[in-house]
Amino acid sequence: MQPFALNYARPAVESEVATPYVYDSGLQLNVLFDGRVAAGDHALLRELGTTTSTAGSKTHFDD
């Protein structure tokens, strides 16, 4: 017997927006592709609001 919810469950939609930063495990911060700390880029913060890290939790913020 299949649970009722499985008839309607759908996989999460992947975001097609590429983030302009990556997580650096050595620094434990998000860094831009040129090596600068993402939280220090004021234009990026104005555009995105925050630089959310996905290293361990969706609620961890670098700024």
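Is D41 buried or exposed in this structure? D41 is buried, because its relative accessible area is 15%, and buried here means under 20% relative accessible area, with exposed meaning over 50% and partly exposed in between, using a 1.4 Å probe and protein chains only. Before I go on, please keep in mind that this is a predicted model, in which local features need pLDDT of at least 70, side-chain atom pairs count only at pLDDT 80 or more, and totals for chains, interfaces and linings use all residues. Residues are numbered from 1 along each chain as its sequence is written, and side-chain values use heavy atoms, with hydrogens and water left out.

Let me begin with the overall layout. The chain holds one helix and four strands, and from the N terminus on these elements run β-β-α-β-β; helices (H or I, at least four residues) and strands (E, at least two) are DSSP runs, numbered from the N terminus. Of the 63 residues in the chain, buried residues make up 19%. The chain exposes about 5,300 Å², and carbon and sulfur atoms supply 56% of that area, the accessible areas coming from the Shrake-Rupley method with a 1.4 Å probe, where for residues only the protein chains shown count as cover. If we take contacts between residues at least 6 apart in sequence, 20% of them join residues at least 24 apart, a contact meaning heavy atoms within 4.5 Å.

A word on confidence, for which I use pLDDT, the predictor's confidence in each residue, from 0 to 100. The chain averages a pLDDT of 76, and 70% of the residues score at least 70. Confidence is highest in β2, at a mean of 90, and lowest in strand β4, residues 60-61, at a mean of 53.

Strand β1, residues 21-24, pairs with β2 in the antiparallel sense over four bridges, and two strands are said to pair if DSSP finds at least two bridges between them. Q28 counts as exposed, because its relative accessibility is 54%.

V37 lies in the loop between β2 and α1 and counts as partly exposed, because its relative accessibility is 35%. Leaving aside residues up to four places away in sequence, V37 touches L29, N30 and V31. V37 and V22 are 15 residues apart in sequence and, from C-alpha to C-alpha, 9.8 Å apart in space.

D41, for its part, is placed in the loop between β2 (29-32) and α1 (42-48). The side chain of D41 reaches the backbone nitrogen of A43 at 3.1 Å, and, not counting residues up to four places away in sequence, D41 touches L32 and R36.

Which residue meets D41 in a salt bridge? The partner is R36, whose side chain meets that of D41 at 3.6 Å, N to O, a salt bridge being a side-chain nitrogen of Lys or Arg within 4 Å of a carboxyl oxygen of Asp or Glu. Salt bridges that share partners join D34, R36 and D41 into one network. In the bridge between R36 and D34, the side chains meet at 2.9 Å, N to O, and the structure holds two salt bridges.

How do the members of this network compare in accessibility? R36 counts as partly exposed because its relative accessibility is 43%, D34 counts as exposed because its value is 53%, and D41 counts as buried because its value is 15%. To close where I began, D41 is a buried residue in the loop between β2 and α1, with its side chain meeting that of R36 in a salt bridge.

Note on methods:
A polar contact is a pair of N or O atoms within 3.5 Å; within protein, one must be able to donate a hydrogen and the other to accept it, and residues adjacent in sequence count only if both atoms are side-chain atoms.
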